[in-house]
Amino acid sequence: MKCGLLESASASPNGLFETPAGHSNHHTIKPMTSALFSPFTLRGLTLPNRIVVSPMCQYMSEDGSANDWHVMHLGQFAMGAAGLVITEATHVSRVGRISHRCLGIYSDENEFTLKRVVDFCRRNGVAKLGIQLAHSGRKGSVHTPAEGSKPLAAGERPWATVAPSALPFAPGWHVPTALTREGLATVKQEFVDGAARAARIGFDLAELHVGHGYLLHEFLSPLSNQRTDEYGGSTANRMRFPLEVFKAVRAVFPAERPVGVRVSATDWVDGGWTPEETVLFARELKALGCDFVDVTSGQVDPRQQIPFGPGYNVPLAEKVKKEAGIAVMAVGMITKARQAEEIVASGQADLVAIARAMMDDPRWAWHAARELGAETPYAPNYVRCHPSGWKP
Ligand SMILES: Cc1cc2nc3c(=O)[nH]c(=O)nc-3n(C[C@H](O)[C@H](O)[C@H](O)COP(=O)(O)O)c2cc1C
């Protein structure tokens with residue numbers, strides 16, 4: 001039994017939650033009124049609630065391989081913090097990593113070690129598990145944030161980075177090599193191979209990283225893509241390579257499992273990628289079978305002016321949802337239960353992804369459920385801390 005709470009809930013014919021067996025308490029029946037805690041289905045995957053643990057790079061891997069840190073990091077979220085937990089950016093090649101310590105999915109060893117983490121989460125947790133497939137492009141070959149995020153110097157095992165055009169992210173950063181036609185085919189195949197490994201590992205869902213100034217976003221943005229071939233210039237041309245990669249990944253990932261895209265909906269720089277272009281991109285993705293767009297913003301150009309504030313990407317997510325007619329995940333400074341509830345209940349987004357507040361409180365979803373009078377799954381070993389059995 002995964003979770004008595006959820007199972008008794010779904011067994012209830014009138015949509016009311018019932019008390020889990022063996023729990024004595026005073027609120028035997030709770031009406032299910034929360035939009036945040038209502039289920040959501042994408043293809044063959046039904047999430048028990050709308051809360052997603054957003055990808056968070058850990059910089060704890062060795063040559064891309066996961067270890068006990070990842071068991072702890074993802075394991076704590078899998079215990080019941082959210083409906084879906086998405087791994088940190090998991091890079092499809094060695095040169096596609098950001099730093100030497102990034103997670104990867106380019107070798108048998110990477111696959112084996114990540115499967116161990118996923119198996120642990122499955123055995124002990126209740127959350128569905130997604131993977132973010134990524135390539136750092138011109139933002140690779142740098143130190144970890146804890147070490148200052150500066151480009152690796154000679155003697156620090158730097159590597160040659162690749163991008164749509166030979167334009168560095170900022171002065172002093174590595175100048176990437178512009179991908180040739182052959183290079184594009186190689187990168188696409190690396191994404192396909194990574195997706196096939198992810199499917200074998202057993203991930204329920206895959207998300208392509210097309211945001212935050214990494215390789216696929218670099219193709220979208222005219223600030224980083226100044227190619228003169230069919231992969232640069234017009235919006236349609238700049239979208240071409242990310243769409244080709246999406247199509248190839250979708251083809252290799254099992255049909256019943258969803259594939260979505262995280263996209264920076266604006267560069268927050270004049271002359272950059274725009275929300276209107278994001279809508280066009282989302283429509284194209286939808287036509288290719290994309291299941292959701294995870295709407296973030298920025299990070300392709302250091303001149304960006306981001307209006308940070310609570311839910312600052314939510315209007316962008318809402319625009320994509322309404323104008324492209326696709327399911328969206330909103331992310332960025334969503335920290336409070338009622339704020340998240342309002343975003344979902346008002347129809348601005350279908351899902352909310354939470355990063356820092358989730359690290360701060362890995363039981364965020366349990367506490368939000370308590371505040372909203374809803375239920376969310378508990379891992380079997382932790383059912384005894386459900387407040388129905390004691391007074392917190
Ligand atoms: C430690 C840390 C690591 C992150 N790593 C990733 C990542 O691997 N991929 C990604 O798309 N976003 C990454 N992000 C961005 C988050 O997923 C999220 O979009 C951002 O932090 C805003 O959400 P928040 O306000 O809930 O933290 C990271 C954020 C943090 C704090």
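# Close-up views of a predicted model

The structure, a predicted model, holds 7 aromatic pairs. Rings of Phe, Tyr and Trp (its six-membered ring) pair if their centres lie within 6.5 Å; planes under 30 degrees apart count as stacked, over 60 as edge-to-face and the rest as tilted. Local features need pLDDT of at least 70 and side-chain atom pairs count only at pLDDT 80 or more, while totals for chains, interfaces and linings use all residues. Residues are numbered from 1 along each chain as its sequence is written, and side-chain values use heavy atoms, with hydrogens and water left out.

**View 1. Phe-169 and Trp-173 form an edge-to-face pair.** The ring centres of Phe-169 and Trp-173 are 4.8 Å apart and the planes stand at 65°, so the pair is edge-to-face. Both Phe-169 and Trp-173 are buried (buried means under 20% relative accessible area, exposed over 50%, partly exposed in between; 1.4 Å probe, protein chains only).

**View 2. Trp-366 and Tyr-378 form a stacked pair.** Centre to centre, the distance between Trp-366 and Tyr-378 is 3.9 Å, with 5° between the planes. The pair links distant parts of the chain, 12 residues apart. Trp-366 is in helix α11 (residues 364-372), and Tyr-378 is in the segment after α11. Helices (H or I, at least four residues) and strands (E, at least two) are DSSP runs, numbered from the N terminus. Trp-366 counts as buried at 5% relative accessibility. Tyr-378 is buried too, with a relative accessible area of 2%.

**View 3. Charged ends sit over the rings of Phe-253 and Trp-366.** The charged end of Arg-257 is 5.6 Å from the ring centre of Phe-253. For Arg-363 and Trp-366, the distance is 5.0 Å. A charge sits over a ring if NZ of Lys or CZ of Arg is within 6 Å of the ring centre and within 35 degrees of the ring normal.

**View 4. Phe-219, Tyr-231 and Phe-241 form a cluster.** Ring pairs link these residues.

**View 5. Glu-190 is buried without a salt bridge.** Glu-190 lies in helix α4 (residues 181-201). Lys and Arg count as positive and Asp and Glu as negative; His and the chain ends are not counted. A salt bridge needs a side-chain nitrogen of Lys or Arg within 4 Å of a carboxyl oxygen of Asp or Glu. Not counting residues up to four places away in sequence, Glu-190 touches Val-92, Ser-93 and His-135 (contact means heavy atoms within 4.5 Å).

**View 6. Trp-390 lies in the segment after α11.** Trp-390 is partly exposed, with a relative accessible area of 44%. Leaving aside neighbours within four places in sequence, Trp-390 contacts Arg-384 and Cys-385. A polar atom of the Trp-390 side chain lies 2.6 Å from the backbone oxygen of Cys-385. His-73 is 317 residues from Trp-390 along the chain, and their C-alpha atoms are separated by 27 Å.

**View 7. Arg-43 and Met-333 have positive phi.** Neither residue is a glycine: phi is about 50° for Arg-43 and near 55° for Met-333. Arg-43 is in the loop between β3 (40-42) and β4 (45-47). Its relative accessible area is 35%, so Arg-43 is partly exposed. Met-333 is in the loop between β13 (327-331) and α9 (337-345). At 31% relative accessibility, Met-333 counts as partly exposed.

Note on methods
A polar contact is a pair of N or O atoms within 3.5 Å; within protein, one must be able to donate a hydrogen and the other to accept it, and residues adjacent in sequence count only if both atoms are side-chain atoms.
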